[in-house]
Amino acid sequence: MFLIALLLLSTAIGWVVYRLNDHPSLAPYERYLLSAGELPASGDGVSVTFLGVSTVLISDGRTALLTDGFFTRPSLARVALGRIEPDREVIARALDLAGIDALEAIFVVHSHYDHAMDAPEVARRTGALLVGSESTANVGRGWGLEDDRIRVAESGRPMPFGDFTVTLIRSRHFPHGRAMGEIAEPLVPPARAMAYREGGSWSIHVEHRLGSLLIHSSAGWIPGALEGYRADVVMLGIGLLGSRDEAYRRDYFREVVETVGARWVIPIHYDDFTRPLDVPLLPLPAFFDDFGASMRFLVERTEASPGLELVMLPVGEPVVMFEARAGVGSAPARVSNLDRL
Ligand SMILES: [Zn+2]
């Protein structure tokens with residue numbers, strides 16, 4: 001009896017370990033990948049750099065903004081069993097590689113550790129203002145960030161930063177129910193991953209005279225919340241979206257991508273964030289998500305929608321997203337290799 005139980009247990013563990021290491025491939029989507037490019041010499045452009053999960057650098061050459069700033073990416077064992085904290089060395093190296101020195105502001109989409117944990121350290125190093133929920137403010141306070149470097153956002157209230165106007169809009173987290181609620185007091189790491197409670201989710205709208213961008217990290221929504229907003233480009237969080245049915249995906253796509261009239265949709269938050277950023281990004285393992293189902297859905301929806309394209313971003317390299325063109329105004333700019341789509 002005992003031997004049978006042991007055999008069953010080891011089979012179950014083996015199955016879990018196998019599924020945790022079973023990462024889908026990104027290869028089938030390479031044709032959607034934009035190539036890196038620098039801003040035009042005139043300086044009249046906006047570039048976007050994808051840095052994993054929903055960490056995104058946006059710059060027009062004068063003002064640089066960041067979402068989340070999550071670089072530590074602790075291992076699954078540490079997240080599941082131990083305490084986690086920002087890794088100063090990893091953060092410094094990532095900022096260096098991404099060419100980030102000074103930032104105007106960091107906007108945190110919600111306070112789960114894979115978004116909020118490193119943000120105060122990034123703010124400290126770059127001089128940025130930390131912007132987010134009251135829970136995110138408590139992550140900042142717990143790291144010792146001064147109060148005048150923290151701003152609690154108000155939903156729908158536009159904030160100017162250089163030539164950008166950024167608006168945080170209340171949204172809803174993907175309904176997995178883990179680590180929900182608020183961080184009510186300054187959170188001092190090391191802490192358990194579950195201590196980083198969600199604290200309310202935002203959809204982040206970034207407007208520039210050359211184009212507009214919506215960063216929507218978690219695959220949930222509040223019906224109608226984005227009505228009245230326009231965005232040329234939506235960076236769409238697809239983490240765990242593959243675990244839901246087609247009807248859910250369709251509602252999500254309508255409420256976010258179609259409502260704002262996007263011309264490009266760019267999947268984000270698909271990567272396994274328990275792996276470091278300096279090895280190739282891989283989608284979440286099959287144990288957690290069905291990445292293929294989400295991507296098939298996006299391919300089908302964009303193929304069926306004239307004027308809407310699916311685009312993937314390289315990791316850690318800037319892509320010119322909006323560019324002034326003589327007589328044409330702003331794009332999304334077509335950087336050279338998109339023309340082969
Ligand atoms: Zn989350």
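This briefing covers a sheet and its helices, a further helix, some backbone details and a pocket. The structure is a predicted model. Seven strands form an open sheet of mixed pairing, and the largest pocket has a volume of about 660 Å³. Non-glycine residues with positive phi include Val53 and Asp68.

**The sheet**

- The strand order is β6-β5-β4-β3-β2-β1-β14, and the sheet is open.
- The edges are held by β6 (150–152) and β14, each of which has a single partner strand, so one side of each has no neighbour in the sheet.
- From one strand to the next the twist averages 20 degrees.
- Strands of a sheet pair through backbone hydrogen bonds, in either the parallel or the antiparallel sense.
- The antiparallel sense is seen between β1 and β14, which pair over five bridges.
- In that part of the sheet, Val46 stands opposite Phe322 of β14.
- Although β14 (residues 318–323) is an edge strand, five of its six residues are buried, so the strand is largely enclosed by the rest of the structure.
- The parallel sense is seen between β4 (residues 105–107) and β5 (residues 129–132), which pair over three bridges.
- Here Ala105 stands opposite Leu129 in β5.

**Helices packed on the sheet**

- Helix α5 (residues 119–126) packs on the sheet and touches β3, β4 and β5. The direction of α5 makes about 170 degrees with that of β4.
- Helix α6 (residues 134–142) also packs on the sheet, where it touches β5 and β6. The direction of α6 makes about 165 degrees with that of β6.
- Six of the eight residues of α5 are buried, so this helix is largely enclosed by the rest of the structure.
- The buried residues of α5 are Ala119, Pro120, Glu121, Val122, Ala123 and Thr126.
- The cover over these residues includes the strands β3, β4 and β5, together with the helices α3 (88–97), α4 and α6.
- Just after α5 comes Gly127, with a positive phi of about 80 degrees.

- Helix α8 (residues 291–303) has 13 residues and reaches 18 Å from its first C-alpha to its last, close to the 18 Å expected at 1.5 Å a residue.
- Buried in α8 are Phe291, Gly292, Ala293, Ser294, Met295, Phe297, Leu298, Val299 and Thr302.
- Among the elements that cover the buried residues of α8 are the strands β11 (233–237), β12 (264–268) and β13 (309–310), and the helix α7 (246–258).
- Ser243 lies in the loop between β11 and α7, and counts as partly exposed at 45% relative accessibility.
- Ser243 and Ala293 are 50 residues apart along the chain, while their C-alpha atoms are separated by 8.3 Å.
- Leaving aside neighbours within four places in sequence, Ser243 is in contact with Phe174, Phe288, Asp289 and Asp290.

**Backbone details in loops**

- Val53 sits in the loop between β1 (45–50) and β2 (56–59). Its phi is positive, about 45 degrees, although Val53 is not a glycine.
- Val53 counts as buried because its relative accessibility is 0%, and buried means under 20%.
- Asp68 is in the loop between β3 (64–67) and α2 (76–81). Phi of Asp68 is near 60 degrees, a positive value in a residue other than glycine.
- Asp68 is buried as well, with a relative accessible area of 0%.
- Pro189 and Pro190 are joined by a cis peptide bond, with omega about 5 degrees.
- Pro190 belongs to the loop between β8 (164–171) and β9 (201–208).

**The largest pocket**

- Rolling a probe the size of a water molecule over the atoms shows where empty space is left.
- The volume of the largest pocket is about 660 Å³, and 27 residues line this pocket.
- Of the lining residues, Tyr113, Asp114, His176, Arg178 and Phe273 lie nearest the centre of the pocket.
- The elements that give two or more residues to the lining are α2 and α4 (113–116).

Terms used. Residues numbered from 1 in each chain as written. Predicted model: local features only at pLDDT ≥ 70, side-chain atom pairs only at ≥ 80, totals over all residues. Heavy atoms only, no water. Helix = DSSP H or I, 4+ residues; strand = E, 2+ residues; numbered from the N terminus. Expected span 1.5 Å × (residues − 1). Buried < 20%, exposed > 50% of the residue type's maximum accessible area, 1.4 Å probe, protein only. Contact = heavy atoms within 4.5 Å. Pairing = 2+ DSSP bridges. Axes fitted to C-alpha atoms, helices over the stretch in contact; angles between N-to-C directions. 1 Å grid on protein atoms, 1.4 Å probe; cavity = no way out; pocket = protein on both sides within 12 Å on 5 of 7 lines; lining within 4 Å. Points joined across faces, edges and corners; volume = space filled by probe spheres on them.
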